[in-house]
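My notes follow the structure.

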Amino acid sequence: MPQCARVQACTPRRRALGLMGAGMLGAGLLMGPLTLQAAGIRQRLLMSYNDDYAPYSFIDPLTQPGRVQGILPDVLQALLKDLDSIEIENLGLPWRRAQAVVKLGQADGLCTFASDERKVYAHFNDVPLVELRPHLFFSARHPQRAQLEKLRSREELKAFQLVDQKGNQWAEQTLADFPHVEWTTGHDAIFRMVMAARGDVHVSLSPLVTQWRLKKLAIHAQVMSIPAPYMAASVPFHVGLRQDFPGARQIIAHLDRRLSQSSSAQLIDNIVRNYAG
């Protein structure tokens with residue numbers, strides 16, 4: 001389905017909500033989610049996800065076409081299920097489009113790295129849902145494999161040609177001072193370039209994500225991975241809600257309270273293990 005059609009597919013539902021009571025929805029702009037809950041009103045929260053970032057968020061067109069699966073939607077649903085004022089719906093799109101629909105007000109929130117650009121249009125919660133740990137990925141046949149395996153600093157890494165995805169924003173901020181970066185439009189293209197010796201190395205936010213992708217491409221035995229803590233000890237993913245979403249700050253405050261509870265860490269670990277097996 002074309003990207004625009006997929007966004008529009010959710011539009012009638014959102015229009016229907018307005019037709020059910022324009023006054024009720026207008027009141028929601030002034031009422032917080034807890035007030036709406038007291039009034040028996042459920043507010044629709046449309047979360048926008050990357051449809052190709054398994055296992056954190058993805059759509060499997062063969063088994064469950066159109067349904068967003070993954071660690072992020074599962075964690076958010078579990079943490080907010082006790083907030084009866086909202087009803088979560090999930091939308092999966094290519095990542096640049098997934099961000100754009102939130103920025104344009106066509107969707108309500110996203111879960112990702114809280115970049116400076118995203119903070120302009122979204123309020124982010126404080127406590128991370130998950131934390132990713134950067135790794136380097138490069139071809140096992142790379143002629144300088146021994147040097148790559150011994151890298152211990154950003155300065156040493158700058159000697160190599162990096163490959164990354166445009167629109168990532170974490171990479172664009174982190175690699176801003178790197179002299180040799182080739183930008184692609186998608187994750188698959190990154191590893192095709194690395195395997196074709198058109199780039200030396202990719203800095204992946206998560207080895208879990210990359211291993212899923214390498215298996216999909218059937219090249220997991222041909223690619224090496226090593227931790228890169230000098231790029232960042234961890235990269236936190238937060239929930240961001242568009243700033244004009246009714247009760248956005250109350251919802252993310254509720255989310256932070258849930259995440260601060262000791263039971264939430266075990267809940268998240270269990271969900272991650274379900275996908276990491």
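**Helix packing and cavities**

Contact here means heavy atoms within 4.5 Å. Helices are DSSP runs (H or I, at least four residues) and strands are runs of E (at least two), numbered from the N terminus. The model is predicted, so I noted that local features need pLDDT of at least 70, that side-chain atom pairs count only at pLDDT 80 or more, and that totals for chains, interfaces and linings use all residues. Residues are numbered from 1 along each chain as its sequence is written, and side-chain values use heavy atoms, with hydrogens and water left out.

I then looked up the geometry of this pair. Helix α11 (residues 187-195) packs on helix α12 (residues 207-216) at about 70°, and their axes are 11 Å apart. Axes are lines fitted to C-alpha atoms, for helices over the stretch in contact, and angles run from 0 to 180 degrees between N-to-C directions. α11 and α12 are therefore roughly perpendicular to each other (65 to 115 degrees; under 35 is roughly parallel, over 145 roughly antiparallel, the rest oblique). I find 2 nonpolar, 2 polar and 3 charged residues in the contact of α11 with α12. Nonpolar covers Ala, Val, Leu, Ile, Met, Phe, Trp, Tyr, Cys and Pro; charged covers Asp, Glu, Lys and Arg; the others, Gly among them, are polar.

Next I took α5 (residues 71-80). Its axis and that of helix α14 (residues 262-276) come within 10 Å and cross at roughly 150°. That makes α5 roughly antiparallel to α14. I71, D74, V75, A78 and L79 of α5 make the contact with S264, L267, I268, I271, V272 and Y275 of α14. I recorded 9 nonpolar, 1 polar and 1 charged residues there.

The axes of α5 and helix α13 (residues 248-260) also come within 10 Å, crossing at roughly 95°.

Last, I checked for cavities (sets of points on a 1 Å grid over the protein atoms alone where a 1.4 Å probe fits but cannot get out; lining residues have an atom within 4 Å of a point). I count 4 cavities of 30 Å³ or more. The largest cavity holds about 170 Å³, a volume being the space filled by probe spheres set on the points, which are joined across faces, edges and corners. Its lining has 16 residues, with N50, Y53, W95, T112 and F237 nearest its centre. The lining divides into 9 nonpolar, 6 polar and 1 charged.

Note on methods. 1 Å grid on protein atoms, 1.4 Å probe; cavity = no way out; pocket = protein on both sides within 12 Å on 5 of 7 lines; lining within 4 Å.
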